[in-house]
Amino acid sequence: MAEQRDQIEDATRRAAERQRIGAEEPEPSVAARLGQIGVLGWLVVMPILIGIVLGRLVDRVAESGIFFTAPAIFIGAGIGLHAAWKWMHKQ
């Protein structure tokens with residue numbers, strides 16, 4: 001009986017702590033969430049676009065079709081996704 005009472009007291013204490021934390025740190029607004037989505041989008045898109053531009057420049061100089069553009073797109077996507085991953089975990 002005493003063990004069950006201790007468990008109930010612990011659960012009540014944890015619930016009160018969660019409620020206090022929720023009151024101190026309210027959920028971000030919809031505008032803030034949309035801003036975060038925009039930042040993530042640009043973190044992924046910009047390296048891809050830079051890869052396209054650099055790949056096309058090298059292909060134009062080397063007269064190689066899209067030989068360098070295709071890998072540059074994938075490298076840019078990898079860099080962008082890595083940057084987005086790091087940014088999300090920092091938030």
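**Contacts, surface and confidence**

Modeller: Start with Asp-10. Asp-10 is partly exposed, at a relative accessible area of 35%. Buried here means under 20% relative accessible area, exposed over 50%, and partly exposed in between (1.4 Å probe, protein chains only). This is a predicted model, where local features need pLDDT of at least 70, side-chain atom pairs count only at pLDDT 80 or more, and totals for chains, interfaces and linings use all residues. Residues are numbered from 1 along each chain as its sequence is written, and side-chain values use heavy atoms, with hydrogens and water left out.

Colleague: What does Asp-10 form a salt bridge with?

Modeller: Arg-13, with the closest N and O atoms 2.8 Å apart. A salt bridge is a side-chain nitrogen of Lys or Arg within 4 Å of a carboxyl oxygen of Asp or Glu.

Colleague: Where do Arg-13 and Asp-10 lie?

Modeller: Both are in helix α1, residues 2-24. They sit three residues apart, about one turn of the helix. Helices are DSSP runs (H or I, at least four residues), as are strands (E, at least two), numbered from the N terminus.

Colleague: How many salt bridges does the structure hold?

Modeller: Three. Another one joins Glu-17 to Arg-20, with the closest N and O atoms 2.4 Å apart. Glu-17 and Arg-20 are also three residues apart in helix α1, so about one helical turn separates them. Glu-17 is partly exposed at 36% relative accessibility, and Arg-20 is partly exposed at 37%.

Colleague: And Arg-33, which residue does its side chain meet?

Modeller: Glu-27, in a salt bridge of 2.5 Å, N to O. Glu-27 is exposed, at 62% relative accessibility. Arg-33 is partly exposed, at 36%.

Colleague: Switching topic. How many aromatic pairs?

Modeller: One. The ring centres of Phe-67 and Phe-68 are 5.0 Å apart and the planes are at 90°, so the pair is edge-to-face. Rings of Phe, Tyr and Trp (its six-membered ring) pair if their centres lie within 6.5 Å; planes under 30 degrees apart count as stacked, over 60 as edge-to-face and the rest as tilted.

Colleague: Is Phe-67 buried or exposed?

Modeller: Exposed, at 57% relative accessibility. Phe-68 is partly exposed, at 35%.

Colleague: What about Thr-69?

Modeller: Thr-69 is in helix α3. At 6% relative accessibility, Thr-69 is buried. A polar atom of the Thr-69 side chain lies 3.3 Å from the backbone nitrogen of Arg-56.

Colleague: Which residues make the nonpolar surface patch?

Modeller: Among them are Trp-42, Met-46, Ile-52, Leu-57 and Ile-73, and the patch is about 860 Å². Patches are made of residues with over 30% relative accessible area and no salt bridge: like charges are joined within 9 Å, nonpolar side chains (Val, Leu, Ile, Met, Phe, Trp, Tyr) within 5 Å.

Colleague: Where does the largest share come from?

Modeller: Helix α2, residues 30-62, which gives nine residues.

Colleague: Last one. Where is confidence lowest?

Modeller: In α1, at a mean pLDDT of 82, while helix α3 (residues 69-90) is highest at 95. The protein's mean is 89, and 98% of its residues reach 70 or more. pLDDT is the predictor's confidence in each residue, from 0 to 100. Where pLDDT is low, the predicted coordinates should not be read in detail.

Methods:
Accessible areas come from the Shrake-Rupley method with a 1.4 Å probe; for residues, only the protein chains shown count as cover. A polar contact is a pair of N or O atoms within 3.5 Å; within protein, one must be able to donate a hydrogen and the other to accept it, and residues adjacent in sequence count only if both atoms are side-chain atoms.
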